[in-house]
Amino acid sequence: MGGIALLLAGSTWLWLTPAFAGRGVATSGALWWVTRLLCLVTIAGFCLATYGLFARHPWWETAALTSSAIGLVALLTYAVAAARGGEPTGTWLWNAFVHVLMLAGIAALLLVPALERWVDSHVMSP
């Protein structure tokens, strides 16, 4: 379940790409290009972390946290690009809220010692 949740969490960065912008939103320019690139790197990183988790490699947590950090940068560029492009404030703010909440959950599960032990016992145990 944890691996599927990690993969699904990573896939939500598609929401932040220009393909998911509302009608009439200007999606050209450097900020959208950077956002697209960072989102794709984030998605690839979460895919790698999911593979590492299923293969029981010890580096999967580092991959997940690194992907989360890149995803946070992607989220910042998305927020600026969406706001400047004319995306309604409620739309890009909701996307930002959902992704920050998700990143906070990932960080808590992998960085808080008691929660990390719980994850390890449920994910890495044979």
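A: Ser68 counts as buried because its relative accessibility is 8%, where buried means under 20% relative accessible area, exposed over 50% and partly exposed in between, with a 1.4 Å probe and protein chains only. This is a predicted model, in which local features need pLDDT of at least 70, side-chain atom pairs count only at pLDDT 80 or more, and totals for chains, interfaces and linings use all residues. Residues are numbered from 1 along each chain as its sequence is written, and side-chain values use heavy atoms, with hydrogens and water left out.

Q: Which helix is Ser68 in, and what is it in contact with, leaving aside neighbours within four places in sequence?
A: Ser68 sits in helix H3. Beyond those neighbours, Ser68 is in contact with Phe46, Leu103 and Ile106; contact means heavy atoms within 4.5 Å.

Q: Zooming out, how many helices and strands does the protein have?
A: Five helices and zero strands, in the order α-α-α-α-α from the N terminus. Helices (H or I, at least four residues) and strands (E, at least two) are DSSP runs, numbered from the N terminus.

Q: What does the C-alpha trace span, and what share of the residues is buried?
A: The C-alpha trace spans about 50 × 20 × 20 Å along its principal axes. Buried residues make up 39% of the 126 residues.

Q: Next, H1 and H2. At what angle do their axes cross?
A: At roughly 175°, and the axes come within 8 Å. That makes H1 roughly antiparallel to H2. Axes are lines fitted to C-alpha atoms, for helices over the stretch in contact, and angles run from 0 to 180 degrees between N-to-C directions; under 35 degrees counts as roughly parallel, over 145 as roughly antiparallel, 65 to 115 as roughly perpendicular and the rest as oblique.

Q: Which residues of H1 and H2 meet?
A: From H1, Gly3, Ile4, Leu6, Leu7 and Gly10; from H2, Ile43, Phe46, Cys47, Ala49, Thr50, Leu53 and Phe54. By class, that contact has nine nonpolar, three polar and no charged residues. Ala, Val, Leu, Ile, Met, Phe, Trp, Tyr, Cys and Pro count as nonpolar, Asp, Glu, Lys and Arg as charged, and the others, Gly among them, as polar.

Q: Pockets, then. Which residues lie nearest the centre of the largest pocket?
A: Gly2, Gly3, Leu53, Trp60 and Val123, out of 20 lining residues. A pocket is an open set of points on a 1 Å grid over the protein atoms alone, where a 1.4 Å probe fits, with protein on both sides within 12 Å along at least five of seven lines; lining residues have an atom within 4 Å of a point.

Q: What classes make up the lining of the largest pocket?
A: 15 nonpolar, four polar and one charged.
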